[in-house]
Amino acid sequence: MGGVDQAFVQEPEQRPKPSTIEVDGIPVIDMSVSGTGGIEKLASEIGNACRKWGFFQVINHGVPLELRQRVEKVAKAFFDLPIEEKRKAKRDELNFTGYHDEEHTKNVRDWKEVFDMLIEDPTFLPASPDPDDEEIRTYSNKWPENPPEFRETCQEYCREVEKLAFKLLELISLSLGLPANRLSDFFKHQTGMLRLNYYPPCPSPELALGVGRHRDGGALTVLAQDDVGGLQIRRQSDGEWIPIKPIPNAYIINIADALQVWSNNLYVSAEHRVVVNSERERFSIPLFFFPSHYVKVKPLEELVNEQNPAKYKEYSWGKFYVNRTGSNYKKLEAENLQIDHFKTSESE
């Protein structure tokens, strides 16, 4: 299979085709506004992007460029270490933070290495997906010894990008015609994480994917990507895979499943994937913004009425997350839990 282990090989229909699509791509939104009118216009632009694409890029977002460059530098320094050194901070069955090089998406292994860290340390999550199991488990971050500035840089970066995530959450609330703080309480003990992704050059990029097609399970994802590119999203109108062109110092924002449910399908959690290449390594840094474990996710009551009934049944975020997390680490016989499992007959 052209130098790629069978575990990485995608089914023929999922393999990336050489892209000939030239499109303007997803909206680019400038966040440097002031005054009520400016904020209303910004919220409206974000709402349009959430409806049409489920993705947009933001510029003038307030995260210092110097800090982003520092976190990119420590990420590269870590992934350049010998494998034995990286594995000293390896994820295990009891703690899902740290280094990992065997991630699976849709039961096919991804062509990448990752390092995961919790935004809130400690973070509290259910011990199991079992609805009757009330045990709560405490998770803390696992840090590598090298590079020495890794921990401090990542923690500082987390705080800045988290501020941006809360700002975006407020703008999304406004775009739905709701008060700015409508969703904030769902994140009092948020369970989100920062991930460092490393995609090495791949000898057979036509057979493998950096990340297979998927939708994000949480509320929002705030992604920094380098200039190599590789992220593609599935366009709603025709199902084509559209490349997202890197813009220097921009962040790529995508709506995830919980926000699709809260919005009662007004906003879309779009499917996306990452293609790899044979020449250049690629780095990306997503912050996954997740609610508190005890939050019950369901369509917001303000967005539900007789003409527009609830399209989803309520589900527990913590139980949903723990169920999905288990399937990222190993190949399973069944596909992991999706929000489609909670659809009501009204959504048909």
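N197 stands opposite S284 in β16. That pairing belongs to strands β9 (residues 193-199) and β16 (residues 282-289), which run antiparallel and share 5 bridges. The model is predicted. Its protein chain comes to 6 helices and 18 strands.

**The sheet**

- β9 and β16 sit in an open sheet of 8 strands with mixed pairing.
- The strand order is β1-β2-β14-β11-β16-β9-β6-β3.
- The edges are β1 (28-30) and β3 (98-100), and each of these pairs on one side only.
- From one strand to the next, the twist averages 25 degrees.
- In general, strands of a sheet pair through backbone hydrogen bonds, in either the parallel or the antiparallel sense.

**Helices on the sheet**

- Helix α1 (residues 35-52) lies across β1, β2 (55-59) and β14 (251-255).
- The direction of α1 is at about 165 degrees to β1.
- Helix α2 (residues 65-79) also packs on the sheet.
- α2 touches β3, β6 (113-118), β9, β11 (220-225), β14 and β16.
- Between the directions of α2 and β16 the angle is about 115 degrees.

**H61, in the loop between β2 and α2**

- H61 is found in the loop that links β2 to α2.
- Is H61 buried or exposed? Its relative accessibility is 4%, so H61 counts as buried; the cut-off for buried is under 20%.
- A polar atom of the H61 side chain lies 3.1 Å from the backbone nitrogen of V63.
- Which residues does H61 contact, leaving aside neighbours within four places in sequence? They are M31, L164, K167, N249, A250 and Y251.
- One of these, Y251, falls in β14 (251-255).

**The chain as a whole**

- The protein chain has 348 residues, and 55% of them are buried.
- Its radius of gyration is 20 Å. This agrees with a compact globule, because a globule of 348 residues would have a value near 20 Å.
- Along the principal axes, the C-alpha atoms fill a box of roughly 55 × 50 × 40 Å.
- Take the contacts in the protein chain with a separation of 6 or more: 78% of them join residues 24 or more positions apart.

Notes. Residues numbered from 1 in each chain as written. Predicted model: local features only at pLDDT ≥ 70, side-chain atom pairs only at ≥ 80, totals over all residues. Heavy atoms only, no water. Pairing = 2+ DSSP bridges. Helix = DSSP H or I, 4+ residues; strand = E, 2+ residues; numbered from the N terminus. Axes fitted to C-alpha atoms, helices over the stretch in contact; angles between N-to-C directions. Contact = heavy atoms within 4.5 Å. Buried < 20%, exposed > 50% of the residue type's maximum accessible area, 1.4 Å probe, protein only. Polar contact = N/O pair within 3.5 Å; in protein donor to acceptor, adjacent residues only side chain to side chain. Rg over C-alpha atoms; globule rule 2.2 N^0.38 Å.
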